[in-house]
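Hello,

Here is the structure I promised to pass on to you. Please have a look at it first, and then read on for what turned up in it.

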Amino acid sequence: MGISVEGQKCPVCDAYLFDNDDLVFCPECGAPHHRDCYMALGHCAYADKHGTDEGYKAVQREEK
């Protein structure tokens, strides 16, 4: 996987995300979710904030 989500939390269940989890990323904003959480909700947890300043902001990480 090219994107690391380590240390971020799923916006649906609030559990930490790990790079080896079964994840999906919102096609509109890129927010990571556990696949089961995304499917249960039926859409991105940030859908009501898409296109606003309150939407998902990707976590920037420094390369080691």
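**What was found**

Let me begin with H34, which touches C10, C13, A15, Y16, L17, D21, D22, L23 and V24, leaving out residues up to four places away in sequence. This histidine is found in strand β2, which covers residues 32-34. With a relative accessible area of 16%, H34 falls under the 20% limit and is therefore buried. Please keep in mind throughout that this is a predicted model.

Now for the overall layout. The chain has one helix and two strands, and along the sequence they follow the pattern β-β-α. Of the 64 residues in the chain, 27% are buried. The accessible surface comes to about 4,700 Å², with 49% of that belonging to carbon and sulfur atoms. As for contacts between residues at least 6 apart in sequence, 28% of them join residues at least 24 apart.

Next, the charged side chains. A search of the whole structure finds two salt bridges. In one of them, the side chains of R35 and D22 meet at 2.9 Å, N to O. This pair links distant parts of the chain, since R35 is in helix α1 and D22 is in the segment before β1 (23-25), 13 residues apart. Both partners are partly exposed: R35 has a relative accessible area of 35%, and D22 has one of 46%. D22 is also among the residues that H34 touches.

The side chains of K9 and D14 also meet in a salt bridge, with an N to O distance of 3.9 Å. The cut-off is 4 Å, so this pair counts as a salt bridge. K9 is partly exposed, at 39% relative accessible area. What else does K9 lie over? K9 lies over the face of Y16, at 4.9 Å from the ring centre. Y16, in turn, is one of the residues in contact with H34.

On to the aromatic rings. How many aromatic pairs does the structure hold? There is one. The pair is formed by Y46 and Y56, whose ring centres are 5.7 Å apart. Their planes stand at 45 degrees, which lies between the 30 degrees for stacked and the 60 for edge-to-face, so the pair is tilted. Y46 and Y56 both lie in the segment after α1 (35-41), so the pair ties together parts that are ten residues apart in sequence. Is Y56 buried or exposed? Y56 is buried, with a relative accessible area of 17%, whereas Y46 is partly exposed at 23%.

Lastly, a look at A45, which is also found in the segment after α1. A45 counts as partly exposed, at 27% relative accessibility. Which residues is A45 in contact with, leaving aside its neighbours within four places in sequence? They are P11, V12 and H33. For A45 and P11, the C-alpha atoms are separated by 6.1 Å, although these two residues are 34 apart along the chain.

If you want a place to start in your viewer, you could go to H34 and its contacts, including C10, C13 and L23, then to the salt bridge of R35 and D22, and then to the tilted pair of Y46 and Y56.

Best wishes

Note on methods
Residues numbered from 1 in each chain as written. Predicted model: local features only at pLDDT ≥ 70, side-chain atom pairs only at ≥ 80, totals over all residues. Heavy atoms only, no water. Phe/Tyr/Trp six-rings, centres within 6.5 Å; stacked < 30°, edge-to-face > 60°. Helix = DSSP H or I, 4+ residues; strand = E, 2+ residues; numbered from the N terminus. Buried < 20%, exposed > 50% of the residue type's maximum accessible area, 1.4 Å probe, protein only. Lys NZ or Arg CZ within 6 Å of the ring centre and 35° of its normal. Contact = heavy atoms within 4.5 Å. Areas by Shrake-Rupley, 256 points an atom, 1.4 Å probe, with all protein chains shown as cover.
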